[in-house]
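Subject: Structure handover

Hello,

The structure is below, and my notes follow it. Please read them with the structure open beside you.

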Amino acid sequence: MLLMLLFEIRLSSIKSSKITSTSSGHGHLVTCDDDGLVHLITRTFQVTTFRAYQSVVLLSTQLQYSSFLVTIGEDEPDTNTILKVWDLERRDRQSTPICIRSTKLPKSEKPTTLCVTDNRLLMAVGFVDGCIALFKGDLSRDRNSKPKMLKELGQGITGMAFKCVNKDQWYLFVSTASSVQQFNVNSKDSCPMTVLDAVGCDFKCSVLVNGPDSHFMIAKEDAIYCYTVDSRGPCYVVGGQKIILQWFRNYLIIVSKERGKPISAITVSTTTKHSDDIESISITVLDIQNKFIIYTTTMQDILSVLPEWGSLYILTTKGSLSQLIEKDLQSKLTVLFKKNLYDVAVRMAKCQQYDSQALIDIFRQYGDHLYTKGDHSGAVEQYIKTIGKLEPSYVIKKFLDSQYIDSLTTYLHALHKSGNANKDHTTLLFNCYSKLNSLDKLQEFTVIKDENIDFDVDVAIKVCRQSSPENALALAEKHSRHSLYIRILLEDRHEYTSALEYIEKLSIEQSVQTIKQYSNVFMENVPKDTVSFLKKLCSTCYTTTNVDLSGNLAQPEDFIYLLLDDSECLVDFLEHFDNFLDKWSTSLLNTYIEHCLIVWKNENNQEKRSIIEKKIVNILQSADIITCDHYQVLILATSFEFKPAIVYIFERNKQYSKLIRYYLSLYDYISAIECCRRYGHVESKLWILLFNAAMVDDMFPPSMLEEILNEIERKSLLSAHFTITSLAKSKTINIGHVRAYLTSLFGAEKKIIEKDKEMVDKYQKDTETLKHTIEKLKNCAVVFQGLRCSACNNQLELPSVHFMCQHSYHQHCFQAFSESDDDCPACTPNNKQIMDIIRTQGQIKDYNEAFHSQLERATDSFSLISEYFGRCLFDDLSTVENQLAKSKLVSSPVVLSPKPVPPVVQTPPRLSPILSVQTIQQPNTNPFDEDGDDMEYDDNKNPFKDEYDESKNPFADDS
């Protein structure tokens, strides 16, 4: 099969000499001849020649990914051969590649093979006597490195190849005419050898296959043998006498001799020999992976096959170069399609990683081909491979005829197995089983556990319900279609108890989901069993400790709607969970209390009513209940006139006034006054509320009024005027009912009036005294008789400072201790206290809320307002301060000096140094820590006593 194209190229420049060695790589085809010349052929088939040796070039290797060319040749006959390394990218002045290394080989025998690794670190030379010289190190740098001679094999080396197993694990494959072995070349001292086979090959009949699963191949007449680093691998039977073995991409190129076969029209030369005597050479390109010959032809005198530039180049001994070009994959597939070789096309497309969609198209074409030939089973096999890519309707339309129903069933079965079937495909498959009367296959398809088939289970169950409910139940149970299973039991078989038992076997989450769906049906048919099951199911929500399942568990409130018509049944259902009251929700607790009240309302037996009352009150009083909505319960209790709950909620919420009104609405005056006794100390206005009710309620017992009035009087809750006025307006209360209260009230008022008169007399006397003192200060002269300084207690000296408060100071003492020029140091603390009180009272008056609050709570509002007026809390603070400033005559300073001086002080003629020192040394001494009011004036110590002349006093007559 021609999957390659052959073109002939003639190279006249290399015909004159005999070619001895060839190589390819790094963009060149390299040929060497017996004149010591090396010919480099470029991609445009331009030939460059340079002399490498004077005599002959024996071997050459062009590195694949490097510009280095390694050659072995002779400069003189009968001498040791020389190994040279050429850098083809570096040229001298004559454009000749530079030789970067030249080494004489250690043996005089003729070398037969040369092998170099692409990383340039290993090189081996094989000789005709079976010796191998191993070079280690960089070829371009280690010029003086000596080769290591490996074990002599006794036969000429016919082929060598290096193989890297790991990054640094290198092996050397060596073949002779009768054996194949490998050397481990990583060892420094020795290279251990392993014999792989006792079969050898000729020169050029060995090659290393590239890739992760690479093999070392040798060619014999009967077959191609493969080897790994450990043992012998597979072999391929290919007949003929092989002369050349080469590897190109994924293909093995075999050049062999054949006798008596006609020569192809593209041979290079002709001959006059008979066809039986003609020895032709055939070249075969074998796809080993797909086991397929993709190209074969015959030629004459093939010297070498060189892979380069994505093509194969065939060089003959006459200097003719032929190019073998591989066709593109699409062209190959087209040829295979024309020959109906779809299986080969599939293998080739998979090998070259063809597009998946394109592979599907090949399978489709293959299936269409088989369908046309009448091979329907084979066509279905190919169509099955297109599942997931090809539209199923394309295949189904071909097999809709009843005679093809078996093939259609096979395809639909595979379609379900791959998970690409829809509801229509499932229905069609089940119809096929029905037409074939294959209920056993249907059961096997749906129920068998060993086969994992994906199909629309709901459709399958629907179809099975019509023909075999047992299979439908088994299918629903297998695929966990619990809802459908229960539906079959309820609708088809009416087995309600069995359905409940099945639900009980499910997981908690599945049981909850299923029972919610069919709870109405169960309650209509088996109510008792259903309630018992719900009790077990809902108990798990309070007993489970798994936090992840808490949101999926059944809650009692989920099923309350089923029991709303039967309050007794609902109460019984909820009482099953009364041990978990602390976990109940607010709505659940309110519902339970509501239906307990309904049962209590409808119950005629007094004992049972009492039991229900205690039960409700105990629930409300339970310390664990934190989710109870007491306002909702209050509404329920009020609507059902359930007194214990109403009283408890009012007391719990401290709504005592509402509780009093509730008692009064029931005319339960005893309970109302008892409530005032218990909670009157907490909320005093309860007595007022009860008093107001007594004033307007004609049925209120007058005997209780005395206690109410006593509490109001004792706690001063109402003014006496208001109380008496209210009593006077009452139509049912006479003077005899309140005689004791009035007697006590008038006696207390009389005592208060007498006490107030005494206080008025005292305040009047104090006021007269203060007025007399102020008048005297305004109109009379003040005599300063102080002889000692009130600060240092030393004898006064001029200049001195005197105050109307009878305190006198040295000028320097006054300056040292005074905070201002207008205030007496001794009186300043007291004055500050008074001013702070006034300012505080001025701030307090801004607290309107506090004033109104006190006014609201006060029993005598007029007294409170009078107190605020008396404390000047309704006056402007600036007015008070101005009045105080006018009255500062008491503390204003008077300066005495021997002559007129500026205000306040006079500079003395001399200042006592002792006082100055004392003032400086004792700056923190407070002379007013001790009270000086107890000191008596001694007139005998006055130095001006005798000098005073009353007649010279200008104010003497004013006194």
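The UniProt annotation "domain: RING-type", from an unreviewed entry, covers residues 789-828. UniProt positions are given in the numbering used here, feature names are shortened, and annotations may be inferred rather than shown by experiment. This is a predicted model, in which local features need pLDDT of at least 70 and side-chain atom pairs count only at pLDDT 80 or more, while totals for chains, interfaces and linings use all residues. Residues are numbered from 1 along each chain as its sequence is written, and side-chain values use heavy atoms, with hydrogens and water left out.

Over residues 789-828 the chain is 20% helix and 18% strand, where helices (H or I, at least four residues) and strands (E, at least two) are DSSP runs numbered from the N terminus. The end C-alpha atoms of this stretch are 17 Å apart.

Some backbone details come next. Most residues other than glycine have a negative phi, and most peptide bonds are trans. The peptide bond from L798 to P799 is cis, with omega near -5 degrees. P799 is in the loop between α25 (739-779) and β29 (800-803). Q806, in the loop between β29 and β30 (808-810), has a positive phi near 75 degrees. Q806 is partly exposed at 42% relative accessible area (buried means under 20%, exposed over 50%, partly exposed in between, with a 1.4 Å probe and protein chains only). S95 also has a positive phi, of about 60 degrees, although it is not a glycine. S95 lies in the loop between β8 (82-91) and β9 (97-104) and is partly exposed, at 46% relative accessibility.

Now the aromatic rings. A pair of aromatic rings is described by the distance of the centres and the angle of the planes. Rings of Phe, Tyr and Trp (its six-membered ring) pair if their centres lie within 6.5 Å; planes under 30 degrees apart count as stacked, over 60 as edge-to-face and the rest as tilted. By this rule the count comes to 17 aromatic pairs. One of them is F45 with Y313, edge-to-face at 6.1 Å centre to centre and 65 degrees between the planes. F45 lies in the loop between β4 (37-41) and β5 (47-51) and Y313 in strand β27 (residues 311-316), so this pair ties together parts that are 268 residues apart in sequence. F45 is partly exposed at 24%, whereas Y313 is buried at 3%. F803 and Y809 form an edge-to-face pair too, with 5.9 Å between centres and 85 degrees between planes. F803 is buried at 0%, and Y809 is buried at 0%. Y371, Y383, Y394 and F399 form one aromatic cluster.

Charges also sit over rings, by this rule: NZ of Lys or CZ of Arg is within 6 Å of the ring centre and within 35 degrees of the ring normal. K84 lies over the face of Y53, 4.6 Å from the ring centre. R609 lies over the face of W600, at 4.2 Å.

A694, D697, F700, P701, P702, L705, T732 and I733 line the second largest cavity (on a 1 Å grid over the protein atoms alone, a cavity is a set of points where a 1.4 Å probe fits but cannot get out, and lining residues have an atom within 4 Å of a point).

Regards

Notes:
On a 1 Å grid over the protein atoms alone, a cavity is a set of points where a 1.4 Å probe fits but cannot get out, and a pocket is an open set with protein on both sides within 12 Å along at least five of seven lines; lining residues have an atom within 4 Å of a point.
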